[in-house]
Amino acid sequence: MGITQRARGVLRRRESTETAGTRHVVFGPELPDESTVHLVMDLGLRIGEVQMASGAGASDVSATITGVTNAYGMPHCEVDVIYTSVTVSCYRGTEFLPITSMRVVRNRSLDYTRLAEVEDLVRRITDGGISASDAYAELDRITTAPHPFPRWVATLAWAGMAASLSVLLGGGASPMLPLVAATATAMVDRVGRLLNQRALPPFFQQTVGGAIATSIALASVATGLLANAALAVAANIIVLLSGMTVVGSMQDAITGYNVTAAGRIAELALTSAGLISGVVLALYSATRILGADTIGGGIELQDIGSAQIGYPVLQLPVQAIAGASTSACFALASYSPPRPLVVAGAGGAVAASVYAVMTLGTLSTILASAVATTVVGFLGGIIARRLRIPALVIAVSGVAPLLPGLSTYRGLYELSVQGDPAGMSTLMLAAATGLALGAGVVLGEYLTQPVRTRLGRLERRMAGPRMSGPLRPTRRRLD
């Protein structure tokens with residue numbers, strides 16, 4: 001019986017005229033000519049490169065490239081984003097090989113004018129208002145254009161940010177403190193520019209910057225200009241930390257792009273380690289040369305974010321103004337256009353005010369930071385799309401006033417000068433605060449999805465938190 005069944009099976013297979021190559025054929029979509037396909041793929045990759053270089057999350061880059069390729073008649077493109085490269089593959093069915101292209105992201109610099117112009121170009125592409133060749137030429141003009149204003153303006157903006165931070169952290173009663181912090185930051189920026197031109201790795205650039213800023217603050221204490229170096233060093237630490245991808249790292253981790261998140265976190269940890277090395281080197285050298293009593297001690301962590309101006313009634317308004325100035329100066333140093341600059345300043349004022357109100361009670365600094373940035377992410381996400389400006393500018397700028405510079409300095413001081421193991425706990429507090437800041441912004445942006453889409457209509461499908469790129473989903477799900 002078994003032999004008979006096997007024989008019948010062989011006969012059935014022999015009778016079939018269908019070959020393996022013709023079974024289950026899936027015909028791909030009707031695509032433009034191959035040269036247009038390559039042009040559109042390169043256009044999407046270059047747009048994604050600009051977004052990645054500006055700190056946008058991998059989900060935003062994937063959504064943008066998918067929207068661009070779909071707008072030009074390529075509905076089945078798969079996008080793979082990792083921290084150093086972007087890959088696009090165009091599906092053409094089972095009979096033809098896919099067309100795949102990749103672009104490596106080498107240079108990373110904050111230029112929010114370039115990002116805003118690219119966002120406007122993406123809107124025109126997804127609305128069908130520009131051809132692929134014209135879009136490519138427009139993108140080439142955007143990426144090759146110089147910065148909108150000279151570099152010395154950015155240096156002054158970094159200095160203004162440090163001065164604002166020194167007031168925000170509790171130095172409003174000392175007029176010399178903002179001046180010292182601004183001078184140190186300006187010097188760090190100019191030296192960093194020279195080192196960057198010589199292709200010095202970012203780790204050593206951060207080390208040099210931390211050492212210069214700390215040395216200037218300690219020298220000011222030794223000469224009697226300042227009573228304590230903590231606030232000046234903390235302000236400079238925040239300036240050096242502000243350009244890092246805290247928000248992008250948390251966005252990638254939360255949205256499932258773990259490889260890109262790991263790359264961003266590794267870069268963040270390495271550059272932070274370089275900054276810590278520079279600060280510790282300066283503290284250790286000053287302790288050996290001048291003595292621990294001469295350079296002054298740290299201050300209590302409860303003073304973080306408390307503007308001391310001598311008039312309690314004006315404390316909250318001054319803190320809001322200092323927060324607005326901090327965020328606006330950061331946006332200006334990142335070459336932001338005027339309208340995003342104003343909105344970024346408003347975001348900083350909201351962040352500083354909410355944080356101050358939350359810390360008036362017994363709420364921990366970590367939870368207060370998360371709540372403040374959630375509010376910034378929520379309001380910024382709504383306003384950004386209404387004004388057609390990148391939400392990323394508001395998110396990153398709004399986080400800047402709350403970066404844990406003072407707790408970082410306090411932990412380093414305890415470890416290097418006092419030899420107190422409790423400094424590790426303080427540094428862990430600083431790291432936890434940084435994670436809370438990034439998570440709060442991403443949560444706020446996620447909450448805006450049902451609010452800002454269709455002006456308040458609650459949509460059942462949410463593509464995830466978006467800080468850059470197209471908001472309206474394409475026919476394919478944007479994961």
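This is a predicted model: local features need pLDDT of at least 70, side-chain atom pairs count only at pLDDT 80 or more; totals for chains, interfaces and linings use all residues.
Residues are numbered from 1 along each chain as its sequence is written, and side-chain values use heavy atoms, with hydrogens and water left out.

Me: How many helices and strands does the secondary structure of the protein come to?
Reply: Helices (H or I, at least four residues) and strands (E, at least two) are DSSP runs, numbered from the N terminus. On that basis, the secondary structure comes to 19 helices and 3 strands.

Me: What percentage of the residues in the protein is buried?
Reply: Buried means under 20% relative accessible area, exposed over 50%, and partly exposed in between, with a 1.4 Å probe and protein chains only. The protein has 479 residues, and the buried share of them is 51%.

Me: What percentage of the contacts with a separation of 6 or more joins residues 24 or more positions apart?
Reply: A contact means heavy atoms within 4.5 Å. Among the contacts with a separation of 6 or more, the share from residues 24 or more positions apart is 73%.

Me: Which residues form a nonpolar patch on the surface?
Reply: Patches are made of residues with over 30% relative accessible area and no salt bridge; like charges are joined within 9 Å, and nonpolar side chains (Val, Leu, Ile, Met, Phe, Trp, Tyr) within 5 Å. Accessible areas come from the Shrake-Rupley method with a 1.4 Å probe, and for residues only the protein chains shown count as cover. One member, L360, lies in the loop between α14 (338–359) and α15 (365–387) and is exposed at a relative accessible area of 70%. The patch has about 300 Å² of accessible area together and is formed by L316, V357 and L360.

Me: Which residue meets E49 in a salt bridge, and where does that partner lie?
Reply: A salt bridge is a side-chain nitrogen of Lys or Arg within 4 Å of a carboxyl oxygen of Asp or Glu. The side chain of E49 meets that of R103, at 2.5 Å from N to O. The pair links distant parts of the chain, 54 residues apart, with E49 in helix α2 (residues 34–53) and R103 in strand β3 (residues 99–104).

Me: Which residues are linked in a network of salt bridges?
Reply: The count of salt bridges comes to 8. R103 is partly exposed, with a relative accessible area of 27%. The linked residues are D42, E49 and R103.

Me: Which helix holds both R141 and E138?
Reply: The side chains of R141 and E138 meet in a salt bridge of 2.7 Å, N to O. R141 is partly exposed at 41% relative accessible area, and E138 is partly exposed at 22%. The two residues are 3 residues apart, about one turn of the helix, and both lie in α5 (residues 132–144).

Me: Is D111 buried or exposed?
Reply: D111 forms a salt bridge with R114, the closest N and O atoms being 3.9 Å apart. With a relative accessible area of 3%, D111 is buried.

Me: Which element gives the largest share of the lining of the second largest cavity?
Reply: On a 1 Å grid over the protein atoms alone, a cavity is a set of points where a 1.4 Å probe fits but cannot get out, and lining residues have an atom within 4 Å of a point. Grid points are joined across faces, edges and corners, and a volume is the space filled by probe spheres set on the points. The second largest cavity holds about 30 Å³ of space, and its lining includes V376, G377 and E445. The largest share, 4 residues, comes from α15.

Me: Why is helix α10 largely enclosed by the rest of the structure?
Reply: The buried residues of α10 include V246, M250 and D252. The helix spans residues 246–254 and is largely enclosed because its buried residues number 7 of the 9.

Me: Where does R388 lie?
Reply: Phi of R388 is near 60°, a positive value in a residue other than glycine. R388 counts as exposed, at 51% relative accessibility. Its place is the loop between α15 and α16.

Note on methods: On a 1 Å grid over the protein atoms alone, a cavity is a set of points where a 1.4 Å probe fits but cannot get out, and a pocket is an open set with protein on both sides within 12 Å along at least five of seven lines; lining residues have an atom within 4 Å of a point.
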